[in-house]
Amino acid sequence: MGYAYDEQTTAALLRQIISRHISEKAAQWVQDRLTAWQQQQALSVFNMAFAAAPRFIGREPVTATIAESPVLPVDLEGYTADRLFRIWWLLQLPVDDKKKYIEIIENLFNTAEMNELVALYGALPLLAFPEAWQLRTAEGIRSNIGGVLEAIMLHNPYPAANLDQPAWNQLVIKAFFTEKPVHLIAGLDRRANPELARILLDYSHERRAAGRPVHPMLWRLVGPFLEEMGLEDIERLWLSEYNAEREAAALACHASGYGPARELLEKRPELKAEIEAGQLTWETVAHRVNMAN
Amino acid sequence: MCCSAQLTEKDLAPQAMNPAYLDAIKGMRFFDPHIHMTSRTTDDYQAMADAGVVAIIEPAFWLGQPRTGVDTFRDYYSSLVGWERFRSSQFGIKHYCTIGLNSKEANNEKLSEQVMEILPLFLYKEGVVGIGEIGFDDQTALEEKYYRAQLQLAMDGGLPVQVHTPHRDKKQGTQRSMDIAIEMGLDPYMVIVDHNNEETVKEVLDRGFWAAFTIYPFTKMGNERMVEIVKQYGTARIMVNSAADWGISDPLAVPKTAALMLERGISKADVEQVTYRNAITAFAQSGQINEADFERTQDIDQSLKYNGSTILRGGQQPAPDKRSTIIR
């Protein structure tokens, strides 16, 4: 079997959500396309419906109900009707011939416009043969189109589950470089690793040398691997005039098993208490950054 | 002392960034329905945005040297709906395109066959407002073959057509382009005949086609001549574009022409027709142009701030101060 999850239940659920958000005329178009595809199995029918969807379905924002959300393999934040249709449509491809399946999907990627790319990369966790899209995902991370990067990086469980370490590290570094909300990367803490910590630490030094600010979320990925090398940076961060940076320092020390870092945290019992009470988290820091503080 | 002339405060002041014509068209919005941004720089995008260009159409064209394989066509088409559209959005300019096999490269029959096969993959993409630019260059038999084949695609899809007319033997090439379109049953109102001049305009309008004029230094129209055309023929079905590309051309041709028209006594309403409204009317027949999107593209969200410095979101580009020697 090609799918790593129950795709039929998901497909039914997606269609239910789509139906709620489109006109009767659009629903008829969807039904007609589905019938044509099932009867003819002609690739041109499949490709055309994928490309032309916004013309017939529109781009109303869609929402899942409280009951639907937890069952869906993707977060529908920011989804529009055409985008949802596109991922549902991908589930209509037969998976009995792996090579052909991959060819069809790769061809969609290769001829995609921006919104199609966003739909395709966002659909990665729903595609069959999860192991087949690692290179494609790494290629997507090289994109410089904001929306495409966000589709791969934010709320998307595919990269953390499937990318090897170098590709994963590229994703995270690129997220910092392109100023994405890093805390929305799925699996961020789980995939933290010493190599990434080293690269980010170097990156922070470059930023500092250039007189540019360092994103406080960076210390989230350095913290668990703090040792002598990063300590000086964290000590400096403790003295920052910005709340977000002092809090990031505290959180990084809290995540560290390195003695001197733990000692640093002891000097600020009030922050330590907040962290242990769950009042101060990386979400707090992320929120501050977004609130211009 | 090295210098004989005395420097005054005035000499030391930075040069004015805004040429006078920008004042004349302040607050106006422009639509350039023919411009090849793939060949242009970010400075051009910035200057266009500053001059009031809110939306553009980039027709697929000849890149200056012949392509040797279908893959480079595919990548080019996909860049028109992908990367270039994104680049444009960074400057608040809504980017549309037309997709087609240009007349020069239609003369490579083997390649053209392959290109015709992939065209349908792109014609129904979002923001594709027609087939173009297609038509005649040398007026060969192969050019005619693929012109006809693409007119058929346009009819099948109900899409507008952007017709390139040749430099050489222009009048006859223009006539022939229109003859074929009518013979095949296209509605002239769906066809935009491009690169007109004083010699071609009358017939194009009389036969019910849209007449586009390219303001392009030396080889096509100058904008003083354009003013006279509008004075003589009015504004119905007439539109102005820059066709700025990899040659010596001017991406500000549309706003500059608008300023000149105002200066020479053409009413603001008429100027708006030929530099904005008519192009939208013609290409919106594709169902792909929504004016509300122009505002959305311009909605620059700079709300994310960190440590006092603004972090730009949504891919919007910060505008550097071009007058300064300092680059940060």
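Modeller: Start with A:Tyr258. Beyond its neighbours within four places in sequence, A:Tyr258 is in contact with A:Leu226, A:Glu227, A:Glu228 and A:Leu231. Bear in mind that this is a predicted model. A:Tyr258 sits in the loop between α14 (243-255) and α15 (259-266) of chain A. One of its contacts, A:Glu227, is 31 residues away in sequence, yet the C-alpha to C-alpha distance is 6.0 Å.

Helix α6 (residues 114-122) and helix α8 (residues 146-153) of chain A have axes that come within 8 Å and cross at roughly 10°. The two helices, α6(A) and α8(A), are therefore roughly parallel to each other. On the α6(A) side, the contact is made by A:Met114, A:Leu117, A:Val118, A:Tyr121 and A:Gly122. On the α8(A) side, A:Gly147, A:Val148, A:Ala151 and A:Ile152 make it. By class, that contact has seven nonpolar residues, two polar and no charged.

Now chain B. Its secondary structure comes to 13 helices and ten strands. Of its 328 residues, 53% count as buried. Among contacts in chain B with a separation of 6 or more, 75% come from residues 24 or more positions apart.

Eight strands of chain B form an open sheet, with parallel pairing, in the order β1-β2-β3-β4-β5-β6-β7-β8. The edges are β1 (30-32) and β8; each has a single partner strand, so one side of each is left without a neighbour in the sheet. From one strand to the next, the twist averages 25°.

Take the β4(B) region next. In β4(B), eight of the eight residues are buried, so this strand is largely enclosed by the rest of the structure. Two bridges join β3(B) to β4(B) in parallel. B:Cys97 has B:Val128 of β4(B) as its bridge partner. Four bridges join β4(B) to strand β5 (residues 161-164) of chain B, again in parallel. There, B:Ile134 stands opposite B:Val163 of β5(B). The chain goes from β4(B) through helix α7 (residues 141-157) of chain B to β5(B), a right-handed β-α-β crossover.

Further along the sheet, two bridges join strand β6 (residues 191-193) of chain B to β7(B) in parallel. B:Val193 is opposite B:Ala211 in β7(B). A helix packs on the sheet as well: α4 (residues 70-81) of chain B touches β2 (53-59), β3 (94-99) and β4 (128-135) of chain B. The direction of α4(B) makes about 150° with that of β3(B).

Strand β7 (residues 210-214) of chain B and β8(B) run parallel, joined by four bridges. B:Thr214 has B:Asn241 of β8(B) as its bridge partner. With helix α10 (residues 223-233) of chain B, β7(B) and β8(B) make a right-handed β-α-β unit. Both faces of β8(B) (residues 238-241) are covered. B:Ile238 and B:Val240 are buried on one side, B:Met239 and B:Asn241 on the other.

Conventions:
Residues numbered from 1 in each chain as written. Chains lettered and ligands numbered in written order. Predicted model: local features only at pLDDT ≥ 70, side-chain atom pairs only at ≥ 80, totals over all residues. Heavy atoms only, no water. Buried < 20%, exposed > 50% of the residue type's maximum accessible area, 1.4 Å probe, protein only. Pairing = 2+ DSSP bridges. Right-handed = clockwise from strand over helix to strand, strands pointing away. Axes fitted to C-alpha atoms, helices over the stretch in contact; angles between N-to-C directions. Parallel < 35°, antiparallel > 145°, perpendicular 65-115°, else oblique. Contact = heavy atoms within 4.5 Å. Nonpolar A, V, L, I, M, F, W, Y, C, P; charged D, E, K, R; others polar.
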